[in-house]
Amino acid sequence: MTVDYLSRIGNLIRDARKHRGWTQTQLADVLATSQSAVNRIEKGHQNLTLEMLARIGEALDSEIVSLGGGPVHLRVAGGRQLSGSIDVKSSKNAGVALLCASLLNKGRTTLRKVARIEEVNRLLEVLNSIGVKTTWLNDAGDLEIVPPAHLDLAAMDAEAARRTRSIIMFLGPLLHREDTFALPYAGGCDLGTRTVEPHMSALRPFGLEIKATAGEYHALVNRAITPGKPIVLTERGDTVTENAIMAAARHNGVSVIRNASSNYMVQDLCFYLELLGVRIDGVGSTTLTVHGQAEIDVDVDYAPSEDPIEAMSLLTAAIVTSSEITIRRAPIEFLEIELALLEEMGLDYSRSDEYLAENGRTRLVDLTTRPSTLHAPIDKIHPMPFPGLNIDNLPFFAVIAATATGQTLIHDWVYENRAIYLTDLNKLGGRVKLLDPHRVMVEGPTHFSGAEIMCPPALRPAVVTLIAMMAAKGTSVLRSVYVINRGYEELAARLNSLGAQIETFRDI
């Protein structure tokens with residue numbers, strides 16, 4: 001957009017806002033941005049995407065700036081090498097866990113550099129609907145959360161709750177605040193049936209019982225029941241562990257949790273709870289001992305660490321486009337297995353000395369990739385709980401393997417049908433054979449070519465498809481990319497800053 005165009009659009013937005021009787025701050029709150037950003041927009045000093053214009057139009061109920069509320073698509077001009085450097089943003093999964101955990105605290109929580117993604121937006125809508133005050137403090141993504149004395153759970157935004165699977169992590173905090181409550185069934189990625197039974201077995205020792213009726217989980221808490229022995233998780237899942245930790249945090253006693261996940265978002269949650277005065281022994285291991293506090297009323301300031309899955313996404317984009325880029329602030333502790341495997345496949349890269357994240361605990365490095373000739377690994381690629389290869393990073397190896405010489409077997413044993421979506425690479429010229437719902441055989445090297453594809457309904461396979469389009473000759477279109485916006489903040493724009501050519505558009 002030209003400066004003149006931006007000024008004219010800014011004037012239209014200002015007039016529409018004033019006509020509605022809103023201040024810049026009120027509009028900023030609806031858009032989940034800052035007053036200063038709205039001020040820049042109205043002065044014509046802020047570049048605007050079609051998506052942002054559509055959001056502004058919807059907020060102001062103004063056809064002048066509304067470009068339609070249909071799905072967002074991406075048009076990708078592929079075959080371009082990337083260059084430059086980019087910072088990894090804060091962890092999406094840590095951010096959503098900390099939003100849920102803020103309900104444990106009667107005091108004010110300030111979270112630094114929270115990812116402004118749709119998953120966070122949905123949780124904020126839920127929190128706001130039950131009386132929690134949330135305020136974006138600045139353009140850096142700092143977020144203030146102030147809970148009310150009493151939550152209004154009857155007013156919960158059910159539509160927003162059903163659009164995020166993270167709502168299930170309200171169970172652990174709410175069981176300490178309410179004797180009975182209901183939560184809508186969770187939504188999120190379409191990855192097959194994800195049973196909630198592991199959550200139930202983790203929370204029953206704290207007196208929580210759940211009945212599922214009419215699209216809701218109905219919870220009843222028996223205060224007479226408390227953990228009498230160690231809690232052994234039947235599944236070493238991240239959200240299951242987080243729910244158990246949050247339940248233990250407000251239990252007035254000591255809780256031992258075994259077979260706990262020690263993944264990155266679990267560690268961030270533990271670091272935050274320690275600031276609240278909850279002592280947790282064994283952070284980073286599979287046995288956690290939580291010394292709970294019956295009452296927590298502390299004003300805290302916490303910066304969640306960087307996202308290893310986003311770091312892997314950027315690393316994959318560099319590999320498949322044969323690019324030399326520097327990925328700054330990569331949480332190395334949660335990428336070491338992935339990097340070891342990529343080294344085995346022939347990746348040429350270097351890493352800086354380690355330094356600490358803003359939370360003072362997580363180890364970071366800067367990674368610099370170089371164009372490399374890859375070959376298939378000797379053994380199959382499969383995920384394992386931390387410290388193994390991250391479950392969310394597994395799909396990226398499908399498009400990486402497609403650029404390598406030889407056959408690679410990828411075994412996604414966790415989800416019932418996520419591997420199926422990796423066959424979308426075939427529409428771009430890949431050779432991906434589905435062996436069963438959990439396994440694919442990828443044959444490379446692949447010479448990707450452009451195509452138009454409906455975005456897979458699962459987050460990581462969707463990004464894998466986008467990255468393959470970046471490597472493909474010609475122009476590709478990826479349609480209906482809401483699922484990507486659930487987990488990544490302005491991914492297209494950030495890739496464009498490295499030299500990609502990705503355009504966001506809507507059907508108008």
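Student: How many positive and negative side chains does the protein chain have?
Tutor: Lys and Arg count as positive, Asp and Glu as negative, with His and the chain ends not counted. A charge is placed at NZ of Lys, CZ of Arg, CG of Asp or CD of Glu. In this predicted model, the protein chain has 50 positive and 60 negative side chains, and the centres of the two sets lie 1 Å apart.

Student: What should I know about the model before going on?
Tutor: It is a predicted model, in which local features need pLDDT of at least 70 and side-chain atom pairs count only at pLDDT 80 or more, while totals for chains, interfaces and linings use all residues. Residues are numbered from 1 along each chain as its sequence is written, and side-chain values use heavy atoms, with hydrogens and water left out.

Student: How many helices and strands are there?
Tutor: Both are DSSP runs numbered from the N terminus: helices are H or I with at least four residues, strands E with at least two. The protein chain has 17 helices and 23 strands. Its radius of gyration is 23 Å, close to the 23 Å that the globule rule gives for 508 residues, so the chain is as compact as a globular protein of that length. That radius is taken over C-alpha atoms, and the rule is 2.2 Å times the number of residues to the power 0.38.

Student: What percentage of the residues count as buried?
Tutor: Buried means under 20% relative accessible area, exposed over 50%, and partly exposed in between, with a 1.4 Å probe and protein chains only. Here 56% of the 508 residues count as buried.

Student: Which residues have the most contacts inside the largest nonpolar core?
Tutor: A nonpolar core is a set of buried Ala, Val, Leu, Ile, Met, Phe, Trp, Tyr and Cys residues joined through side-chain atoms within 4.5 Å. The largest has 150 residues, and Phe170, Leu273 and Ile484 have the most contacts inside it. Helix H15 (residues 459-471) gives the most to this core, with 10 residues. A second, separate core of 15 residues includes Trp22 and Val38.

Student: Where is Pro331, and what is it in contact with?
Tutor: Contact means heavy atoms within 4.5 Å. Pro331 lies in strand S14 (residues 324-331) and is buried, at a relative accessible area of 1%. Beyond its neighbours within four places in sequence, its contacts include Glu306, Pro308 and Thr362. Thr362 sits in the loop between strand S16 (355-356) and strand S17 (363-370). Thr362 is also buried, at 6%, and among the residues that it touches are Phe271 and Tyr355.
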